[in-house]
Amino acid sequence: MESLLKIENLRVAVENKEIINGLNLNVGRGEFHIVMGPNGSGKSTLALALMGHPKYEIKEGKIEFEGKEIVGLSPDERARRGIFMAFQHPEEIEGVKIIDYLRLLLEKVKGMEPLKAQEIIAKKAKELWFSPDMLHRYINVGFSGGERKRFEILQALLLEPKLLILDEPDSGVDVDSLSLISLKMREFHKRGMAILLITHYGRILQHIDPKIVHVHILKEGRIVLSGKEELVERIEKEGFKKVFEECGCNE
Amino acid sequence: MNDAQEIRYQIEEQIELLSERNKEPEWMTRLRYRGLKAFLEAPHNDPVIKDPLEFVIHRSQEIFPEVKSLDDLPPEMRSLLDRLGIAEVEKKYVTGLAVQSDTSIVLNEFLKQWREKGLIVESMEDAIRNHPHLKERFMHLFDPGESKLAAYHTAVWNGGVYIRVKSGLKVPMPLHLFFLIQNSALAQAPHIIIEAEPGSEIHLIEGCTSPILLRHSLHLDMTEAYIGEGAKLRLSVLQNWPEYVHTRPMTRARVGKNAEFINTTVGLGTGKSNIANPKYWVDKGGYVELNTIILGKKDFYIDMGGEMYLQGIGARGLNASKSVIMDNSRVITKGIIKAMAPKTKGHISCDALILNSSAKMETYPGLVSHVDDAELSHEAAIGKIREEELFYLMSRGLKEEEATQLIVKGFVDPLLKDIPMEFVVEIRKIIEMAVSGGF
């Protein structure tokens, strides 16, 4: 499969503390990758570094997207090239109405006419259970866990990225929202989007064909194990500690 | 001739000119002379204008053509009205529009019809001749001797408008008032009196601007509002001054029993310096709300006060301000609420968004209670745009500038609830341009 995202020997530091520690990962077009790992293993750091968060300093290594280096690009430039990250903890933005924000997004990023944008927003919002009233609320303000995560998916649906990075879309979410997000993930994948899913649990994969997934286990900022669906089951059954002991990953 | 004599002579000349031009009743001319006397004696404590005398100027013989309709306005003014969407507002909604250019008031059909129902809108010069009872209103909420600027206004006021809404009359559409000051020979000191009689309702939108060449750089408008029992007055003021103007708006209101006064000020172009300390006296069950939006940029100095005296049982006051501050501007807010009767409530809130580190914001809320069962509170939040907020929006593809504009708009918008959509659109545009360094 043609390479979409290629990460080579990546080292990332936050406030001079190195969190990602020589990480290599290849994601081909349309592929479905899962990154799992215990707390503090660097999962969210990886996502934020890929998106270009200013606090995450790239000490070494390469991140190539469609064959081009993206280290040094601003977050908006990365987004415009087709990378989208759904946040684990989406920000509240007081005073900014969802509808105004989404309209601006479609206008500026996709070059869409306001009327057309309005129409598409209304349609896609409904698919993610957002009523027209809810579109007049402020971004993430007073949202439940499920609403926040569904709103992230709505934005991905509108922007149609080439690479969708999902940072724990299954944390703090009600069962129904989880099921919907899982379903949407399958749709994204079917339409050819590459997915990099960061998660603790396997339950979000309920609608996904297990045979298609590539699984990577992260420990102390490096990928120590890669495999297929059976890795997810093993982690769920035995826990990270035991798996690390068995593979000799603690050495 | 020494300085004091020279000043006296110049102001006297202006008084005589105005008195004769306006064919004023004698009480008004006497009041002007009281202003002159006070000007020479009153204290001056303006932090920006060190010497008010520099603003006293020689009178000129320039005569401006009378303005009878919007078409008579100079092209610059027309284009300004167009830019603000005023002409459109009028066309679309046939709403009240009174444009004042010096002493002429341009009345449209709407106002002619409503006059019969009891809505009076007259230039202040006409009103002084037509309504003798204004002797008991004019300068009754101010004292000419309280400051040099109040005194100067008293002596040389010109222009302004008188509005009276008859008892029980409810005016459903906002009435737009525009002060376009073109006669540079006179001090810019319009005087406004609003009488909302018991049970009446009106929304006034005042746009202050001086779009054409000015020799003056000091603007001293004064507003006195008398709100009768159960009446509702909304006064929304949009300020859009050139950068060289110093403005000292003076607003005072007496809010009657169970009456309501919503006073919103949007200061987009506040001028080089803008100092205002409106005062409100609120009777039993009455309510006053002061909403202020400030855009501080360049080296502007803006000082917004607001004193609320809750004199009657159950009177309430809210002073809410939102400031967006950038460049080297300095914004100070210092509201005071005094609870003087039982069961009164007051709240001061001050939010500021600071866009760069050289801009300065200070806030000094003042709460004073003379009774033991008043509820008084305040809150203030001064901060920068959070990095995480910006990152969230940028990670979706918005440029830093676009994301900043969106956040600033979201910060300001909640206070624009009283402003018609046409203006909100214009206000947003001005804010966007300022944030992106467009002017």
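**Sheets of chain A and the interface with chain B**

Strand 9 (residues 163-167) and strand 10 (residues 194-198) of chain A pair in the parallel sense over five bridges, where strands and helices are DSSP runs numbered from the N terminus (strands, E, of at least two residues; helices, H or I, of at least four), and two strands are taken to pair if DSSP finds at least two bridges between them. Within this pairing, Leu166(A) stands opposite Leu197(A) of strand 10. The model is predicted, so that local features need pLDDT of at least 70 and side-chain atom pairs count only at pLDDT 80 or more, whereas totals for chains, interfaces and linings use all residues. Residues are numbered from 1 along each chain as its sequence is written, chains are lettered from A and ligands numbered from 1 in the order in which they are written, and side-chain values use heavy atoms, with hydrogens and water left out.

Four strands of chain A form another open sheet, antiparallel in its pairing and in the order 2-1-4-5. Strand 2 (17-28) and strand 5 (68-69) of chain A stand at the edges with a single partner strand each, so one side of each is left without a neighbour in the sheet. Nine bridges join strand 1 (residues 3-14) of chain A to strand 2 in the antiparallel sense, and the bridge partner of Arg11(A) in strand 2 is Asn21(A).

Turning to the interface, 35 residues of chain A are in contact (heavy atoms within 4.5 Å) with 19 residues of chain B. The area buried between the two chains, that is, the accessible area (1.4 Å probe) lost on putting them together and summed over both, is about 2200 Å², of which carbon and sulfur atoms give 63%. Six salt bridges (a side-chain nitrogen of Lys or Arg within 4 Å of a carboxyl oxygen of Asp or Glu) are counted between chain A and chain B. In a salt bridge, the side chains of Arg80(A) and Glu402(B) meet at 3.4 Å, N to O.
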